[in-house]
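Please find below a short note for the file.

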Amino acid sequence: MHSLATLRRRAWQALRAKIDEQIADAAIISKLRAHFEERFRYDEAGIPRVWRPDDDIDGAFKVAKDNVGFPLDGVTLVETTANPLLR
């Protein structure tokens, strides 16, 4: 039974380490930047934009900026210090 508890604790610790890695400031900034660049550099069909003088670059920038939070929709951070297995 002791080895099962050890395995469970190590699994939770590995999960926690992965979660911490994914929610680190640098990781989130990188995801947001990549999402913005996808929206700004490519059109709705996924084709790279070729900017012309009469294109609305400011409008495309605003749309991309307004949609940058999309990768974080539904993300909820939960305090885990109450459970010793999650530390």
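The points below concern a predicted model.

1. Overall composition. The secondary structure of the protein comprises 3 helices and 0 strands. Read from the N terminus, the order of elements is α-α-α.

2. Burial and surface. The protein has 87 residues, of which 9% count as buried.

3. Contacts along the sequence. Where contacting residues are at least 6 apart in sequence, 57% of the contacts join residues at least 24 apart.

4. Packing of α2 and α3. Helix α2 spans residues 25–41 and helix α3 spans residues 57–66; the two pack at an angle of about 145 degrees, with their axes 8 Å apart. Their crossing is right-handed. On the α2 side the contact is made by F36, R39 and F40, and on the α3 side by I57, A60, F61, A64 and K65. By class, this contact has 6 nonpolar and 2 charged residues, with no polar ones.

5. Aromatic pairs. The structure holds 4 aromatic pairs. In one of them, the ring centres of F36 and F40 lie 5.6 Å apart and the planes meet at 10 degrees; the pair is therefore stacked, given that planes under 30 degrees apart count as such. Both residues belong to helix α2, 4 residues apart, or about one turn of the helix. F36 and F40 are both buried.

6. Aromatic cluster. Which residues form one aromatic cluster? The members are F36, F40, W51 and F61. Among them, F36 and F40 of α2 and F61 of α3 also take part in the helix contact described under point 4.

Key:
Residues numbered from 1 in each chain as written. Predicted model: local features only at pLDDT ≥ 70, side-chain atom pairs only at ≥ 80, totals over all residues. Heavy atoms only, no water. Axes fitted to C-alpha atoms, helices over the stretch in contact; angles between N-to-C directions. Left-handed = near helix turned anticlockwise from the far one by under 90°. Contact = heavy atoms within 4.5 Å. Nonpolar A, V, L, I, M, F, W, Y, C, P; charged D, E, K, R; others polar. Buried < 20%, exposed > 50% of the residue type's maximum accessible area, 1.4 Å probe, protein only. Phe/Tyr/Trp six-rings, centres within 6.5 Å; stacked < 30°, edge-to-face > 60°.
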